[in-house]
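Me: I would like to go through the structure shown below by question and answer. Please give the cut-off behind each term when it is first used.

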Amino acid sequence: MKSLGIKKLYYSISEVSKIADLEQYVLRYWESEFEQLKPAKNRAGNRIYTNRDIKLIRYIKKLLRDERYTIEGAKQVLKSYIPDDET
């Protein structure tokens with residue numbers, strides 16, 4: 001497996017799944033729930049995630065798993081979430 005420390009422009013859902021330690025179906029579900037999480041798609045229709053997307057996914061995971069927010073509660077918190085472009 002590639003080192004996760006390498007910065008790339010885009011990541012596949014399988015790479016993000018490993019990086020964030022989440023199942024792919026969880027990522028797809030969160031896309032349907034959180035309007036901020038909208039990865040682009042490539043010509044083949046596959047999701048391509050940016051570092052910014054990964055940062056958001058980690059934040060959502062922290063809210064839901066560590067801080068025990070509900071999906072609705074996390075949505076409220078995310079309304080004031082401003083992603084920075086630095087990673």
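Me: Which residues does Ile57 touch, not counting residues up to four places away in sequence?

Reply: This is a predicted model, in which local features need pLDDT of at least 70, side-chain atom pairs count only at pLDDT 80 or more, and totals for chains, interfaces and linings use all residues. Residues are numbered from 1 along each chain as its sequence is written, and side-chain values use heavy atoms, with hydrogens and water left out. A contact means heavy atoms within 4.5 Å. With residues up to four places away in sequence not counted, the residues that Ile57 touches are Val16, Ala20, Leu22, Leu27, Trp30, Leu37 and Tyr49.

Me: Which members of the largest nonpolar core touch the most other members?

Reply: A nonpolar core is a set of buried Ala, Val, Leu, Ile, Met, Phe, Trp, Tyr and Cys residues joined through side-chain atoms within 4.5 Å. Buried means under 20% relative accessible area, exposed over 50%, and partly exposed in between, with a 1.4 Å probe and protein chains only. The largest such core has 22 residues, and those touching the most other members are Trp30, Phe34, Ile57 and Ile60.

Me: Which helix gives the most to this core?

Reply: Helices (H or I, at least four residues) and strands (E, at least two) are DSSP runs, numbered from the N terminus. At least two core residues come from each of helix H1 (13–20), helix H2 (24–33), helix H3 (51–66) and helix H4 (71–78). With 6 residues, the helix that gives the most is H3.

Me: What pattern does the chain follow when read along the sequence?

Reply: The secondary structure comes to 4 helices and 2 strands. Read along the sequence, these follow the pattern α-α-β-β-α-α.

Me: What share of the contacts with a separation of 6 or more comes from residues 24 or more positions apart?

Reply: The chain has 87 residues, of which 34% are buried. Among contacts with a separation of 6 or more, the share from residues 24 or more positions apart is 51%.

Me: How many salt bridges are there in the count?

Reply: A salt bridge is a side-chain nitrogen of Lys or Arg within 4 Å of a carboxyl oxygen of Asp or Glu. One of them pairs Lys8 with Glu15, whose closest N and O atoms are 2.7 Å apart. Lys8 is partly exposed at 28% relative accessibility, whereas Glu15 is buried with a relative accessible area of 19%. By this rule the count of salt bridges is 5.

Me: How many residues apart are Glu33 and Lys75?

Reply: Glu33 and Lys75 form a salt bridge, with the closest N and O atoms 3.1 Å apart. The pair links distant parts of the chain, since Glu33 lies in helix H2 and Lys75 in helix H4; their separation in residues is 42.

Me: What distance separates the C-alpha atoms of Arg52 and Leu37?

Reply: Arg52 is found in helix H3 and is partly exposed at 39% relative accessibility. Arg52 and Leu37 are 15 residues apart along the chain, and the distance between their C-alpha atoms is 9.6 Å.
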